[in-house]
Amino acid sequence: MGPRGNQERRDHEQPLDRFLKTESLPAAKRVLTDLGLTAIDGACGVGGLWEPNPNHAASLEAFKNRCDQFATLGLTHIYAPTATTAKFTQDDYKTGADNMHAVGEIAKQFNLIAMAEAVRTSTFIATLPTLLRVTRAAAHPNMKPLLDCYHFWSGVNKLEDLDMIRPGEIGHVHFQDVPDMPRELFDNTTRLIPGDGVTPLIQILRTLASKGYAGPLSVELFLPKFQQGDPFEVAREIRQKAEAVMRQARVI
């Protein structure tokens, strides 16, 4: 697993793992209940799940532990990004499909849907067509692709790639926008609230709806002004702008 994968793992481990250093899992569930929140999906924080690598067995064990935690918290979906910087050959994608099947088997034990998120900088799965190819080869009912609008539009995908999606195939959608600037300059800090950028979100949503996707849209932002802002005000702004885009797309 390359340094990018390690960074992804550290970033996603922190919130729940930090909480569990001093509190219990039931206490974490009470926080969600007390706030009136329904947790649906979460990043497992485990790297090396999809690509061939010598630490895959350990990654599966860590993933199983996270599935146990997420199931206890009431989640129904769990995902991991495809971040890696290693070099691969065409034969490695057969192993990738086998790895996805193994992840699906573990998720099934906890009544969870496991998902892979194509990361634009990945050297293994960076595009929607490749993600669909490998998840289909895995052929497991508990393994689905996750579509992230930022990675999709900022990467080397084409809008027409969405036509490849089969009805009911997408497990979850991350919903965000990007600014009008060279895509070469994009990074996590260039993710915007839906409607504030130039991503063709209306077309994306309409295509997803035509493919039968009616699940949640998770807005995933990393700018400090969002992370450090008042949670209620940030959520209010996101809901207002996101729903405006959804109304234009006629999906609400």
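**Exercise 1. Cavities**

How many cavities of 30 Å³ or more does the count come to? Describe the second largest cavity by its volume and lining.

*Solution.* The model is a predicted one.

Step 1. The count gives 2 cavities of 30 Å³ or more.

Step 2. The second largest cavity holds about 70 Å³ of space.

Step 3. Its lining consists of E117, A118, A126, T127, L128, L131, L146, L147, D148, H151, F152 and N157.

Step 4. Assign the lining to secondary structure. At least two residues each come from α5 (128–138), β4 (143–148) and α6 (149–154). The strand β4 gives the most to this lining, with 3 residues.

Step 5. Classify the lining of the second largest cavity by residue type: 7 residues are nonpolar, 3 are polar and 2 are charged.

**Exercise 2. Packing of two helices**

Characterise the geometry of the pair α7 and α9, then identify the residues that make the contact.

*Solution.* Two packed helices are described by the angle between their axes and the distance between the axes.

Step 1. Helix α7 spans residues 201–210 and helix α9 spans residues 231–249; their axes come within 9 Å. The crossing angle is roughly 60°.

Step 2. The handedness of the crossing of α7 and α9 is right-handed.

Step 3. On the α7 side, L201, I202, L205 and R206 make the contact, while α9 contributes V245, M246, Q248 and A249.

Step 4. By residue type, the contact of α7 with α9 comprises 6 nonpolar residues, 1 polar and 1 charged.

Methods: Residues are numbered from 1 along each chain as its sequence is written. This is a predicted model: local features need pLDDT of at least 70, side-chain atom pairs count only at pLDDT 80 or more; totals for chains, interfaces and linings use all residues. Side-chain values use heavy atoms; hydrogens and water are left out. Axes are lines fitted to C-alpha atoms, for helices over the stretch in contact, and angles run from 0 to 180 degrees between N-to-C directions. Helices (H or I, at least four residues) and strands (E, at least two) are DSSP runs, numbered from the N terminus. A crossing is left-handed if the near helix is turned anticlockwise from the far one by less than a right angle, and right-handed if clockwise. Contact means heavy atoms within 4.5 Å. Ala, Val, Leu, Ile, Met, Phe, Trp, Tyr, Cys and Pro count as nonpolar, Asp, Glu, Lys and Arg as charged, and the others, Gly among them, as polar. On a 1 Å grid over the protein atoms alone, a cavity is a set of points where a 1.4 Å probe fits but cannot get out, and a pocket is an open set with protein on both sides within 12 Å along at least five of seven lines; lining residues have an atom within 4 Å of a point. Grid points are joined across faces, edges and corners, and a volume is the space filled by probe spheres set on the points.
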